Structure formats: structure tokens, C-alpha cells
Amino acid sequence: MPSTDAPDLRLPYDANILFDAPLRTERLVLRPLAESDRWDVWEYQRLPEVLRYIPWPERTREEGFAHTAKRAGLHRLERDEDALFLAMGLVGEPTTSPDAPDRAHGGDRVVGDIMLRVTSVQHAQLEIGWVVHPGFQGRGLAVEAARAVLGLAFRDLRPHRVHAQLDARNEASARLCERLGMRREATLLEEEYHDGEWEDTAVYGILRREWSAAR
Ligand SMILES: CC(C)(COP(=O)(O)OP(=O)(O)OC[C@H]1O[C@@H](n2cnc3c(N)ncnc32)[C@H](O)[C@@H]1OP(=O)(O)O)[C@@H](O)C(=O)NCCC(=O)NCCS
């Protein structure tokens, strides 16, 4: 039965609050990505296995640093297409940054990040996305981080639905969606053309009432 609740996305949302009061899970501290995370991010951003299913171009280190600086400046969700990125700091794992620790990263290594994006204010729809450094994959860190971010989103932003879009061949990402309780809603055939081939997109989603019912 479709819900009759009217869309009620609580915006604007200012993620700066998470610098002082980050999300903490068993192994991670989640707070907005900062420019000072550029070294740690570069360690995964540059790897071909990470780029395989993400529509990122190959970047030089300087371009990678600029990309992180741009994403680090995004803290506010208010309109369609607004996005923010939460750094996954692995507690006890030292950062690769040669710079002195600052207020943001504090010394923990950023081993991945989680994106939250507004796809429709009108219909209260958000998108979630993720990346984890291959050296830290397969340990349940993405499940741990994404679950915490979904919890924050459903509690504080109140989306009606959160969805994820992935290359249909991305088994790790699909499995992660399933672990989070997301349903495979669609497979969009030949939706994008990259590197000489048409690629299918898988869409996963979870409704607010499904998230609540599972808790
Ligand atoms: C998708 C990604 C974030 C998962 O990160 P992770 O920290 O390894 O995930 P977790 O350890 O929390 O595991 C989540 C689930 O995926 C499964 N999984 C992880 N890697 C897998 C793989 N290569 N193939 C199949 N399943 C895999 C895990 O077994 C787990 O399921 P289970 O608990 O039922 O066993 C990571 O693979 C990644 O960053 N990939 C490259 C970037 C990318 O493609 N991002 C997604 C764009 S949509």
C-alpha cells in the first residue's frame, strides 16, 4: 500500500554540525570531507579498481586534490542536486597526510567516503553513494558507514525514499545495497555509454517506512 504521508524533506541541512558532533560507529568517525583529507582520498581516488565502476576520469594528483577541495566545500543540502560527502575516518589507522593534523581529520586515515545528494526536494528523494579504499574493503566498513548515514538521513532529513544508482556489474555495491535493506527496483538497460560500450544501471531503493520497520 503506498503511503499517504506528504513529502516532508527537512531542509536546509548544514553538515558543519558534524565537525563538532561527528557520527561515530564501532570503528569509524564520519564527518564532512575536508580539504586536508586530500592525501588520504588520493590514495583510493587514483586506483583503477576504484575507477572501474565510477564515472570518474583518471586524474593527476593535482586534479585529484582540486576534486577533493571542491567536494570538501559542499556542506549544505537545500536544493535539487545539492550533495555532501562524509569522510570515513578509521579510528587508530594513521593518516597518510604529510601535513600536520587539523581540526577535521585529527590524525585518523580517511579510508572512504559516503555521498548524500538531494535528487528531489519536491518528492523528498535522496541518493546515497560510496567508495572505500580497496585495502580496507571486505571488512564491513561500507555497511557500517552507510547504515549510520542512512540513519542520520532518515532521522534528521526525513526523506520519503533513498536510492542508489550503480553500474549493474558492480556486485560489491549491489551486495552492499542488499545488506542495507535496499530493494533492487530496476535495471536500466544501456543507460550510459563509457569507453566504447553501453552500460546497464541498477537502481536500489529503500522507503522511509521500510527503514523504520526494520528497526
Ligand atoms: C562498493 C564498496 C564501497 C563496498 O565496500 P566494502 O567496505 O568492501 O563493503 P563491505 O565490506 O561493507 O561489504 C558489503 C557487502 O558486499 C560484499 N562484497 C564486498 N566486496 C565484494 C565483491 N568484490 N564482490 C561481491 N561482494 C562483495 C560483502 O561480502 C558484503 O556482503 P555480505 O555482508 O553479505 O558478505 C567498495 O567495493 C568500493 O569502494 N568499490 C569501488 C568504488 C565503487 O564502485 N563504488 C560504488 C559506486 S556505485
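Is Arg71 buried or exposed, and what is its relative accessible area? In this predicted model, Arg71 has a relative accessible area of 7%, under the 20% limit, and therefore counts as buried.

## Arg71 and its surroundings

Arg71 belongs to helix α4. Its side chain makes a polar contact of 3.2 Å with the side chain of Asp113. Apart from neighbours within four places in sequence, the residues in contact with Arg71 are Leu33, Val41, Trp56, Phe85 and Asp113.

One of these, Val41, is also among the buried residues of helix α2. The buried residues of α2 in turn pack against α4 (61-72), among other elements.

## The sheet

The model contains an open sheet of 8 strands with mixed pairing, in the order β2-β3-β5-β6-β7-β8-β10-β9. At its edges are β2 (23-24) and β9 (183-194), each of which pairs on one side only. Helix α2 packs on the sheet, where it touches β6 and β7, and its direction makes about 80° with that of β6. Helix α5 also packs on the sheet; it touches β2, β3 (28-32), β5, β6, β7, β8 and β10 (197-207), and its direction makes about 160° with that of β7.

In general, the strands of a sheet pair through backbone hydrogen bonds, in either a parallel or an antiparallel sense. Here β7 and β8 run parallel and are joined by 3 bridges. Within this part of the sheet, Glu127 has His163 in β8 as its bridge partner.

## Strand β6 and its partners

Strand β6 is mostly covered, with 11 of its 13 residues buried. With β5 it forms an antiparallel pair over 8 bridges, and Leu90 stands opposite Arg109 of β6.

Strand β6 also pairs with β7 in the antiparallel sense, over 8 bridges. Leu116 has Ile128 in β7 as its bridge partner. The two strands, β6 and β7, form a hairpin with 4 residues between them, and Ala124 in the turn has a positive phi of about 55°.

## The β9-β10 hairpin

Strands β9 and β10 run antiparallel and are joined by 8 bridges. The bridge partner of Thr187 is Ala202 in β10. This hairpin has 2 residues between its strands, and Asp195 takes a positive phi near 45° there.

## Helix α2

Helix α2 spans residues 38-45 and is mostly covered, with 6 of its 8 residues buried. The buried residues are Trp39, Asp40, Val41, Trp42, Tyr44 and Gln45. They pack against helices α3 (48-51) and α4 (61-72) and against strands β6 (108-120) and β7 (125-132).

## Ligand site

There are 21 residues around the ligand, of which Val132, Gly138, Gly140, Arg175 and Arg179 come nearest. From a side chain, a polar atom of Arg175 lies 2.7 Å from an oxygen atom of the ligand. The protein covers 75% of the 920 Å² of accessible area that the ligand has on its own.

## Backbone exceptions

Most residues other than glycine have a negative phi, and most peptide bonds are trans. The peptide bond from Leu11 to Pro12 is cis, with omega near 0°. Pro12 is placed in the segment before β1 (13-14).

Glu81 has a positive phi near 80° although it is not a glycine. It is in the loop between β4 (76-77) and β5 (83-94). Its relative accessibility is 52%, so Glu81 counts as exposed, the limit being over 50%. Arg158 is another residue other than glycine with a positive phi, here about 55°. Arg158 sits in the loop between α5 (141-157) and β8 (161-167). With a relative accessible area of 28%, Arg158 is partly exposed.

Notes:
Residues numbered from 1 in each chain as written. Predicted model: local features only at pLDDT ≥ 70, side-chain atom pairs only at ≥ 80, totals over all residues. Heavy atoms only, no water. Buried < 20%, exposed > 50% of the residue type's maximum accessible area, 1.4 Å probe, protein only. Contact = heavy atoms within 4.5 Å. Pairing = 2+ DSSP bridges. Axes fitted to C-alpha atoms, helices over the stretch in contact; angles between N-to-C directions. Near = heavy atom within 4 Å. Polar contact = N/O pair within 3.5 Å; in protein donor to acceptor, adjacent residues only side chain to side chain. Areas by Shrake-Rupley, 256 points an atom, 1.4 Å probe, with all protein chains shown as cover.
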